[in-house]
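Please look over the sequence and the structure shown below before reading on.

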Amino acid sequence: MPDKAKPPLLDFWFFGPERGHLMKTVSIIREMTARQELRLRLFVHPQHRELARRLLPEPQHTIETYPGGLQLSYNADLDFAVGRTFRSILKYALYNAWIDYRVFRRAVKAERPALIVNDFIPLVPLYAWRAGIPLVGIYNYLLKETSLGQGPLRRLAAWAVGRLYRRMYRLCTRMILGNFASNPPPGANIRLVPPIARRATRSRSEVRRSLGADQRPLVFLSMGGGNTPQTDSYLRRFKLVAQDPQVQLLLLPRDDQESRRLKEQYPDYLVGEGDWVETQEVIAAADLVISRAGFTTVAEALKAGVPLLLWHVEAHPEIRETENNLLGQGLAAGLLTAEDDPTQILLKVQAALEKKDLRQRLLELPTDGAEQAADVILELLAEITH
């Protein structure tokens, strides 16, 4: 039985090594803990233990790692590396998922949480269902098209992923979908919320000073998260933008080693330090963001009202569909493709910076997804504990 004298305990499970799942749910946790005293156990990918500690330093939180997990592998163009990904899926199904289940059982035995919140780890809903613990799933919006490409292995993967996640969705007591399209909820347990992103905590001028930026337009070139690094051939495409005296082109390294390398190899670029984690503040301080249509970057740009110039990704179904939604709704400043040479890219960046009306349109969008998601979780918690 839970101890009524203590704040309720919630367990959070975060998918990794991509950072986006952690960053998204951190924004919800911050909203929740600002309203109510809670104790949290965070189960993170081993690469994210220190990052989670920095993002959520409250002493009542404990941070643990799961030893198994599921590793998705990509090629340089963000197409699934089919062989490596299939081996990882098999290893997860036959071994890693059960290793993680032992971590789950041991934690529940030590203290049973009032509620479990899961961001994407496939079998955590099954663990919670077996333990009889209510669960909230936090996911990106449901895709209409989930093709992973042609070939028998790719078609088998798309079929298996679709069936697995539909089953896992149904096991959620509540399922929160971050959404900027007008898709109706497909199930009674689903709650649609606007894009989920962290709040900026520092002023635009303060962030720009810390980056060494001046008054010229600041263009943030996103390099992606955890296991999807951009290549040097991608960065070199923007050399004319970096050399344009009217623009500052910012790179945000993911660690100190990458920071040193980028400063040495790309002296015309403005390169941040490698220990930065609050990317939403950089985005809010920018005049334009260049990025593939990853969920976290899109949500943070929409929340800040900063236009996105999208780098086209054909191979990845989630990114492809997000890109199509942004372009279809007129919420992007344009599209860059692999066929664009450095001169074409410079012209597109200059044109995107001239779209002043787009920023005003973005500022009118609802972007309180983290706040609404916190409402959903705390309302369910109140039902459980009272």
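## Strand 5 and its partners

Strand 4 (residues 115-119) and strand 5 run parallel and are joined by 3 bridges, where strands (E, at least two residues) and helices (H or I, at least four residues) are DSSP runs numbered from the N terminus, and two strands are said to pair if DSSP finds at least two bridges between them. Within this pairing, Val117 stands opposite Val136 of strand 5. Together with helix 4 (residues 124-131), strand 4 and strand 5 make a right-handed β-α-β unit; right-handed means that, with the strands pointing away from the viewer, the path from the first strand over the helix to the second runs clockwise. Strand 5 is also joined to strand 6, by 5 bridges and again in parallel, and here Gly137 stands opposite Met175 of strand 6.

Strand 5 (residues 135-140) is largely enclosed by the rest of the structure, because 6 of its 6 residues are buried, that is, under 20% relative accessible area, whereas exposed means over 50% and partly exposed lies in between (1.4 Å probe, protein chains only). Leu135, Gly137 and Tyr139 point one way from the strand, while Val136, Ile138 and Asn140 point the other way.

## How the model is treated

This is a predicted model, in which local features need pLDDT of at least 70 and side-chain atom pairs count only at pLDDT 80 or more, while totals for chains, interfaces and linings use all residues. Residues are numbered from 1 along each chain as its sequence is written, and side-chain values use heavy atoms, with hydrogens and water left out.

## A loop residue, Asn189

Asn189 lies in the loop between strand 6 (174-178) and strand 7 (190-193), and it counts as buried because its relative accessibility is 18%. Its side chain reaches the backbone oxygen of Cys172 at 3.0 Å. Apart from neighbours within four places in sequence, Asn189 is in contact (heavy atoms within 4.5 Å) with Tyr169, Cys172, Thr173, Arg174 and Met175.

## Strand 12 between two crossovers

Strand 11 (residues 288-291) pairs with strand 12 in the parallel sense over 3 bridges, and Ile290 stands opposite Leu309 of strand 12. The chain passes from strand 11 through helix 11 (residues 295-304) to strand 12 in a right-handed β-α-β crossover.

Strand 12 is joined to strand 13 (residues 334-336) by 3 bridges, and these two strands run parallel, with Leu310 opposite Leu335 of strand 13. The path from strand 12 through helix 12 (residues 317-328) to strand 13 is a right-handed β-α-β crossover. In strand 12 (residues 308-311), Leu308 and Leu310 point one way and Leu309 and Trp311 the other, and all are buried.

Conventions: A polar contact is a pair of N or O atoms within 3.5 Å; within protein, one must be able to donate a hydrogen and the other to accept it, and residues adjacent in sequence count only if both atoms are side-chain atoms.
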